Amino acid sequence: MAVRKAAWSGLNGLFTVYKPSGVASLRVRDSVETLLLKELNSLKQPDMPQQVRFLPTTVEGNAGKELTLTVTQLPVLAAHPLVRGPNFTHLKIGVGHRLDTKSSGVLVLGVGHGNKLLTDLYDAHLTRTYTVRGLFGKATDDFSDTGKLIEKTTFDHVTRDKLERILAVIQGTNHKALLMYSKIDLKTQEAYELAVEGLIRPMEKTPPLITAIRCLQFAPPEFQLEIQCLHETQKYLRKVVHEIGLELKSTAVCTQVRRIRDGFFTLDSALLRTHWNLRNIRKSIQDSRIKVQVELQRNLGHQAKSGERHTNMDQVTESELHRTEGISASNISPYAD
């Protein structure tokens, strides 16, 4: 038991790995678990426990050979590794906000009580940041460059200025939705304080919301965006690229989705495949422990305050919310000339 406790030491908390594209998130989790189990079971094992036995032996006596009992220590064979099997056969490792198979980037994992922290991380509704690459001139059935080709179009008329106008409209439209879903009275001191701390966001599940979007690179037909968002899926981000192409009177497919930040975890702390081992994972958990505690307390504290609000924002009609979701073609089209 002491050996198991020592081996487990430091394996309770959150850590991040870099998920490559072409691999499912659960496959990454399984790989990490397999590597940790192999290393844990390769650690030095304790000496086998001994048991006292009285074994019959013969000794020379006055009447010849006599039978007697001799005290002997023997190993407990039930504790032999070949009998009981490995010490560790399963680790409770959970996956945070998942990435689909085509995507890559920061993937948060939790081990031990880190699984509870994953739930807290989900409840905090933190934003995530992606870099998204697109390609003008094509449309596919799944909005990615590997999907079935549906249409080819020209893109010579597309300029960076037109693209950035579209992005500005997207951000403005989503910002309006963000305020509605956050249910904050903008005239209050609370709203001002939350805005200063960067904590204005909905504290319940909502449709995908883009909190910031900008163009990092524009070299037609290729372009790259940085998108900060809430409650997104990677398919949603690919669809955003598709709809940007349509609003620019062209088409576009997504060639890459890469998550560079998940809440307060960034690429800098993500372990590469060659670093998925016991020592590095323990160090990663230890290095992030204080940050995890501070950030979760800060953000979940905001959530507790949000639950006490009594505003009339609930009177926003469903149709008004619907008009703010995603990209509104009626708002964007004037900029796409």
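Start by selecting D262, which touches H97, V106, V108, T127 and R128 once residues up to four places away in sequence are set aside; contact here means heavy atoms within 4.5 Å. D262 sits in strand β11, residues 252-262, where helices (H or I, at least four residues) and strands (E, at least two) are DSSP runs numbered from the N terminus. With a relative accessible area of 1%, D262 is buried; buried means under 20% relative accessible area, exposed over 50%, and partly exposed in between, with a 1.4 Å probe and protein chains only.

Before moving on, note that this is a predicted model, in which local features need pLDDT of at least 70 and side-chain atom pairs count only at pLDDT 80 or more, while totals for chains, interfaces and linings use all residues. Residues are numbered from 1 along each chain as its sequence is written, and side-chain values use heavy atoms, with hydrogens and water left out.

**The whole chain**

Of the contacts in the protein chain with a separation of 6 or more, 74% are between residues 24 or more positions apart. The protein chain exposes about 18400 Å², with carbon and sulfur atoms supplying 54% of that area; accessible areas come from the Shrake-Rupley method with a 1.4 Å probe, and for residues only the protein chains shown count as cover.

Next select residues 209-219 and 222-230, which are strands β9 and β10, paired in the antiparallel sense over nine bridges; two strands pair if DSSP finds at least two bridges between them. The two strands form a hairpin with two residues between them, and I213 has I227 in β10 as its bridge partner.

Now show the aromatic side chains: a search of the whole structure finds three aromatic pairs, where rings of Phe, Tyr and Trp (its six-membered ring) pair if their centres lie within 6.5 Å, with planes under 30 degrees apart counted as stacked, over 60 as edge-to-face and the rest as tilted. One of them joins F136 and F218 edge-to-face, at 6.4 Å centre to centre and with 65° between the planes. This pair links distant parts of the chain, since F136 is in strand β6 (residues 128-136) and F218 in strand β9, 82 residues apart. F136 is buried, with a relative accessible area of 2%. The rings of F136 and F223 have centres 4.4 Å apart and planes at 25°, so this pair is stacked. Here too distant parts of the chain are linked, with F136 in strand β6 and F223 in strand β10, 87 residues apart. F223 counts as buried at 1% relative accessibility, and F136, F218 and F223 form one aromatic cluster.

From F136, go to L246 in helix α7, residues 234-247: the C-alpha atoms of L246 and F136 are separated by 9.9 Å, although the two residues are 110 residues apart along the chain. At 45% relative accessibility, L246 counts as partly exposed.

Which residue forms a salt bridge with D100? Select R238, where the closest N and O atoms of the pair are 2.9 Å apart; a salt bridge is a side-chain nitrogen of Lys or Arg within 4 Å of a carboxyl oxygen of Asp or Glu. D100 lies in the loop between β4 (93-95) and β5 (104-111) and R238 in helix α7, so the pair ties together parts that are 138 residues apart in sequence. D100 is partly exposed at 25% relative accessibility, whereas R238 is buried at 7%.

Then select helix α4 (residues 114-123), where K116 and D120 lie four residues apart, about one turn of the helix, and their side chains meet in a salt bridge of 3.0 Å, N to O. K116 is exposed at 52% relative accessibility, while D120 is buried at 15%.

**The nonpolar patch**

Finish by selecting V52, F54, L69 and V71, which make a nonpolar surface patch of about 420 Å². Patches are made of residues with over 30% relative accessible area and no salt bridge, with like charges joined within 9 Å and nonpolar side chains (Val, Leu, Ile, Met, Phe, Trp, Tyr) within 5 Å. Strands β2 (50-61) and β3 (64-75) each supply at least two residues of the patch. L69 lies in strand β3 and is exposed, with a relative accessible area of 57%.
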